[in-house]
Amino acid sequence: MSVIGWVNGLMDTLGAPGAGVAIALENLFPPIPSEAILPLAGFAASTGRMSLVAVLLWTTAGSVIGALALYGVGALLGRDRTVALAARLPLVKVSDVERTEAWFLRHGTKAVFFGRMIPVFRSLVSVPAGVERMPLPVFLTLTTLGSALWNTAFVLAGHALGANWTQVTDLVSAYSKIVLASAAVAVVVFVVVRLRRRPASATGGTPSGTPAGSAPPPAPPARAAR
């Protein structure tokens with residue numbers, strides 16, 4: 001069954017809460033696209049299958065519940081486990097985690113709010129918020145406001161377009177592809193730069209100026225104390 005058919009089935013069975021369940025799962029499993037769920041829910045409201053206000057309330061509640069679950073994952077993981085995990089990953093340094101932590105402490109509120117409007121990142125941003133134990137009232141407020149703006153825009157677009165609601169999905173899918181492509185390029189650049197900066201000992205090379213297979217020159221004799 002396609003995602004559209006599955007969401008339609010949820011809304012047929014549960015009404016507006018079905019759209020909320022779909023959005024909560026979208027937070028936990030980013031490949032489920034909110035840009036398809038929200039306009040479809042708006043279209044369903046335009047046909048009278050459910051109340052538009054109920055759709056807006058339930059989809060925002062679903063976003064908050066999904067984000068809260070990922071916040072809990074980050075809180076359970078904690079900083080010490082995050083650092084220990086990073087230390088085991090190839091090409092990742094503990095200093096990378098520390099820099100990310102410092103950045104999040106400075107810009108975390110903006111990241112949580114505006115991150116709700118960026119595909120994939122809108123789900124992932126909840127994890128560092130939990131790791132850093134962002135105050136829960138602050139996290140919930142920013143998540144609710146950011147999610148409400150994102151959800152309302154797409155639900156209303158689907159409601160206005162009616163049977164042509166897929167135009168919204170097509171437009172945002174292009175936006176999502178640009179975001180994902182940019183992220184992929186950033187990862188490739190990070191890997192290339194990190195590989196080029198690895199010391200010779202880490203790559204199995206020999207120190208500069210010493211021919212392979214030869215012993216290093218002997219140290220000069222120590223001078224006798226006067």
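This dialogue goes through a predicted protein model one feature at a time.

Reader: What should I know about the model before I start?

Author: The model is predicted, so local features need pLDDT of at least 70 and side-chain atom pairs count only at pLDDT 80 or more, while totals for chains, interfaces and linings use all residues. Residues are numbered from 1 along each chain as its sequence is written, and side-chain values use heavy atoms, with hydrogens and water left out.

Reader: How many helices and strands does the protein have?

Author: Helices (H or I, at least four residues) and strands (E, at least two) are DSSP runs, numbered from the N terminus. Here there are 9 helices and 0 strands. Along the sequence the pattern reads α-α-α-α-α-α-α-α-α.

Reader: What share of the residues is buried?

Author: A residue is buried under 20% relative accessible area, exposed over 50%, and partly exposed in between (1.4 Å probe, protein chains only). Of the 226 residues, 35% count as buried. The accessible surface comes from the Shrake-Rupley method with a 1.4 Å probe; for residues, only the protein chains shown count as cover. That surface is about 13,100 Å², and 69% of it belongs to carbon and sulfur atoms.

Reader: And what share of the contacts joins residues at least 24 apart?

Author: Contact means heavy atoms within 4.5 Å. Among contacts between residues at least 6 apart in sequence, 72% join residues at least 24 apart.

Reader: Which side chains meet in a salt bridge?

Author: A salt bridge is a side-chain nitrogen of Lys or Arg within 4 Å of a carboxyl oxygen of Asp or Glu. The structure holds 1 salt bridge. It joins the side chains of aspartate 12 and arginine 49, at 2.7 Å from N to O. Aspartate 12 lies in helix H1 (residues 3-14) and arginine 49 in the loop between helix H3 (34-46) and helix H4 (52-88), so the pair ties together parts that are 37 residues apart in sequence. Aspartate 12 is exposed, at 57% relative accessibility, and arginine 49 is partly exposed, at 36%.

Reader: How many aromatic pairs are there?

Author: Rings of Phe, Tyr and Trp (its six-membered ring) pair if their centres lie within 6.5 Å; planes under 30 degrees apart count as stacked, over 60 as edge-to-face and the rest as tilted. The count by this rule is 3. One of them, phenylalanine 113 with phenylalanine 114, is edge-to-face, with 4.9 Å centre to centre and 80° between the planes. Another joins tryptophan 150 and phenylalanine 154: the centres are 4.6 Å apart and the planes at 50°, so the pair is tilted. Both residues of this pair lie in helix H8, 4 residues apart, about one turn of the helix. Tryptophan 150 is buried at 7%, as is phenylalanine 154 at 11%.

Reader: Is serine 147 buried or exposed?

Author: Serine 147 is buried, with a relative accessible area of 1%. This serine lies in helix H8 (residues 136-161). Its side chain reaches the backbone oxygen of threonine 143 at 2.7 Å. Not counting residues up to four places away in sequence, serine 147 touches Ser63 and Arg116.

Reader: Where is glutamate 132?

Author: Glutamate 132 is in the loop between helix H7 (126-131) and H8, and it is partly exposed, at 22% relative accessible area. Leaving aside neighbours within four places in sequence, glutamate 132 is in contact with Glu101, Phe104 and Leu105. Glutamate 132 and tyrosine 71 are 61 residues apart in sequence and 9.7 Å apart in space, C-alpha to C-alpha.

How values were computed. Polar contact = N/O pair within 3.5 Å; in protein donor to acceptor, adjacent residues only side chain to side chain.
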